[in-house]
Amino acid sequence: MSDMNRSVPDLLGDLVQQTTTLVRKEVQLARAEMGEKVSKAGAAAGGIAVGGVLLLAALVILLEAVVAFLVTLGLSAPLAGLIVAVVVALIGYIMLQSGLKALKAGNLTPERTVNQLSRDAQAAKETVR
């Protein structure tokens, strides 16, 4: 039977079948893309954690050395400790903000899926016309 002689129920049936297939494929694409994004986020978080643990011991010793150096320059031990603590807190805050920015929700958006859905919607609109 040619496409011109098909009945409306047949055409609607095909439309429903093709729409269902399209939605299924889009869901599969979204799952795959989200899996990639979650893997990247997990690797980033793991790297941050391991790096932090390894640097912690060295940082403590280095900060103790800086405090000791300030004391040898004539500062009192509490004042030297306070100066070092404030500087380290500022550096820590900047690094924390940088890490949080890298894990922003916008970086986890399934962009290919969103783009594909937009193209599919546009194609469906053109087909209906």
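## Helix α2

Helix α2 covers residues 77-102, and its 26 residues should span 38 Å at 1.5 Å a residue; the end C-alpha atoms lie 38 Å apart, which agrees. The expected span is 1.5 Å times one less than the number of residues in the helix. Helices here are DSSP runs of H or I with at least four residues, strands are runs of E with at least two, and both are numbered from the N terminus.

The buried residues of α2 are A80, V84 and G99. They pack against α1, residues 8-72. Buried denotes under 20% relative accessible area, exposed over 50%, and partly exposed the range in between, with a 1.4 Å probe and protein chains only. Contact denotes heavy atoms within 4.5 Å.

## Basis of the model

This is a predicted model, in which local features need pLDDT of at least 70 and side-chain atom pairs count only at pLDDT 80 or more, while totals for chains, interfaces and linings use all residues. Residues are numbered from 1 along each chain as its sequence is written, and side-chain values use heavy atoms, with hydrogens and water left out.

## Overall form

The protein contains three helices and zero strands, in the order α-α-α along the sequence. Its C-alpha atoms fill a box of roughly 100 × 25 × 15 Å along the principal axes. The radius of gyration is 29 Å, whereas a compact globule of 129 residues would have a value near 14 Å. This radius is taken over C-alpha atoms, and the globule rule is 2.2 Å times the number of residues to the power 0.38.

Of the contacts between residues at least 6 apart in sequence, 63% join residues at least 24 apart.

## Surface and charge

Of the 129 residues, 9% count as buried. The protein exposes about 10,100 Å², of which carbon and sulfur atoms supply 71%; accessible areas come from the Shrake-Rupley method with a 1.4 Å probe.

There are 12 positive and 10 negative side chains, and the centres of the two sets lie 4 Å apart. Lys and Arg count as positive and Asp and Glu as negative, without His or the chain ends; each charge is placed at NZ of Lys, CZ of Arg, CG of Asp or CD of Glu.

E33 is found in helix α1 and counts as buried because its relative accessibility is 2%. Leaving aside residues up to four places away in sequence, E33 touches T109, P110, E111, R112 and T113.

L75 lies in the loop between α1 and α2. With 30% relative accessibility, L75 counts as partly exposed. Under the rule that leaves out residues up to four places away in sequence, L75 touches L70, A80 and I83. A80 is also one of the buried residues of α2.
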